[in-house]
Amino acid sequence: MKYQAPKGTYDILPGEIERWQTLEARTRGVMDLFGYREVRTPMFESTDLFVRAVGGATDIVRKELYTFEDKGGRSLTLRPEGTAPLVRAYVANPALQQTQPARLYYIGPMFRYERPQAGRFRQFWQIGAELLGSAKPIADAEMIDLFVAILRDMGLAKATVLLNSLGDSTCRPVYRERIRAYFEAHRDSLCEDDRERLERNPLRILDCKVPKCAPIIRGAPSVLDSLCEPCREHFDGVQSLLRGLQGIEFKIESRLVRGLDYYTRTVFEVHAEGLGAQNAVGGGGRYDDLVKDFGGPDTPAIGFSIGMERLIASSGLGSDLPRVDACVISMNPEAAPEAMRLARSLRDQLAGPPSRRRPLRVLVDVAGRSAGAQMKWASKTGARWAVFVPRDPEGYSVRNMDEGKDEPRQSDERALREFLLERRAAAEAAT
Ligand code: HAM
């Protein structure tokens with residue numbers, strides 16, 4: 001074979017795509033219930049945007065960006081995440097700032113040059129929500145509530161929220177220095193990567209998975225002991241609100257640091273069963289300084305992103321193939337135009353309010369096959385009925401493909417359509 005999908009990417013085919021469509025539709029439904037509105041930003045942005053927001057010392061920026069120069073000599077990057085683009089759009093569009101706080105969401109592909117493995121891709125999809133314009137703990141609680149509502153709507157009952165606070169510009173530098181000094185004292189026992197992180201990003205050492213580093217990390221000072229009074233109060237507030245919400249399981253995880261630099265105060269991840277090593281379905285946190293950093297008004301904010309591949313993998317959602325209702329079979333080549341007209345007319349369904357209509361799914365042969373070959377094709381499509389043209393003097397002949405028997409003839413198109421709709425409803429009610 002000549003071409004394959006690029007490494008770390010995949011095709012979503014019929015049979016699988018239905019799960020994606022269900023997830024997207026349900027997500028939009030839940031977002032709507034919470035009052036969140038969709039924003040679609042470009043898939044590439046100026047490279048600076050991500051370096052600035054995600055942070056030059058992070059793995060994402062150092063190793064994972066898909067960066068290229070366009071013909072105008074601009075450095076552009078395929079978005080590795082959705083928060084920085086959304087904040088850029090928020091700052092650039094006063095319309096987004098009109099209703100405060102602003103509740104926004106996005107669904108789309110992200111790109112990271114990572115080492116592919118189960119649950120980790122180079123193009124992957126995220127659902128993200130961002131709440132801009134509130135510094136209150138109740139905003140954090142709403143975010144987590146929304147996250148859990150999306151999981152629940154997908155039938156994912158067993159999920160745990162890991163919660164931490166990274167402090168703010170007052171207390172984090174103090175903690176950073178404490179932890180740097182601590183790891184410096186254990187420098188010789190740390191892995192190579194961690195020794196490098198000591199200078200650039202000592203907090204990330206807490207996230208190291210190398211076994212020999214584990215005991216040192218366990219003994220490290222906790223960020224929660226370094227929080228300043230306002231950060232401590234905020235964190236307590238978030239926890240007490242979450243305790244008041246039934247069905248949200250959370251655990252304090254003082255070693256949770258996240259892989260992006262824009263966070264302040266609350267950070268969280270949601271873990272689901274059955275995802276193995278890549279078991280974070282999603283994560284997020286507060287980023288109170290980012291809007292201001294991008295030249296916007298001082299706007300505290302919080303958000304999260306969910307990895308759609310991971311959510312689908314853990315949801316156990318089935319893939320219901322949409323069933324073909326009828327194939328129109330031309331008994332001779334001259335009847336093909338009539339087949340096409342009949343199919344069109346059967347697909348129309350004018351009765352009932354638009355939201356309740358579910359017209360018939362009707363196919364015709366476009367390959368010029370014989371009547372016998374069309375019947376074989378009709379049965380392959382899984383159609384419930386075959387309808388034959390040209391119409392007999394007494395009406396349309398209809399074959400029930402499931403039961404392998406003929407139905408009563410139907411006098412005209414209208415009668416045929418009503419008959420098929422009614423029988424479909426009855427068949428669906430029976431199952
Ligand atoms: P993140 O933790 O980098 O956060 O990504 C969120 C989720 O995206 C992960 O938990 C995972 O489910 C999924 N994900 C990340 N990388 C991959 C990959 N290579 N393959 C498959 N899935 C992946 C963010 O992106 C932040 N923008 C979240 C946020 C929003 N914070 C505030 N607002």
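This is a predicted model: local features need pLDDT of at least 70, side-chain atom pairs count only at pLDDT 80 or more; totals for chains, interfaces and linings use all residues.
Residues are numbered from 1 along each chain as its sequence is written, and side-chain values use heavy atoms, with hydrogens and water left out.

The ligand has 26 residues around it, and the closest are Glu81, Glu114, Phe121, Arg258 and Tyr263. By class, that shell splits into 9 nonpolar, 10 polar and 7 charged residues (Ala, Val, Leu, Ile, Met, Phe, Trp, Tyr, Cys and Pro count as nonpolar, Asp, Glu, Lys and Arg as charged, and the others, Gly among them, as polar).

Polar contacts are pairs of N or O atoms within 3.5 Å. An N or O atom in the side chain of arginine 258 sits 2.8 Å from a ligand oxygen, and a polar side-chain atom of arginine 112 is 2.9 Å from an oxygen atom of the ligand. On its own the ligand has 660 Å² of accessible area, and the protein covers 95% of that (Shrake-Rupley method, 1.4 Å probe).

Strands here are DSSP runs of E, at least two residues long, numbered from the N terminus. Strand 10 gives the most to the ligand shell, with 6 residues. Elsewhere, strand 5 and strand 6 run antiparallel, joined by 10 bridges; isoleucine 107 has isoleucine 127 in strand 6 as its bridge partner.

Notes
A residue is near a molecule or strand if one of its heavy atoms lies within 4 Å of it. A polar contact is a pair of N or O atoms within 3.5 Å; within protein, one must be able to donate a hydrogen and the other to accept it, and residues adjacent in sequence count only if both atoms are side-chain atoms. Helices (H or I, at least four residues) and strands (E, at least two) are DSSP runs, numbered from the N terminus. Two strands pair if DSSP finds at least two bridges between them.
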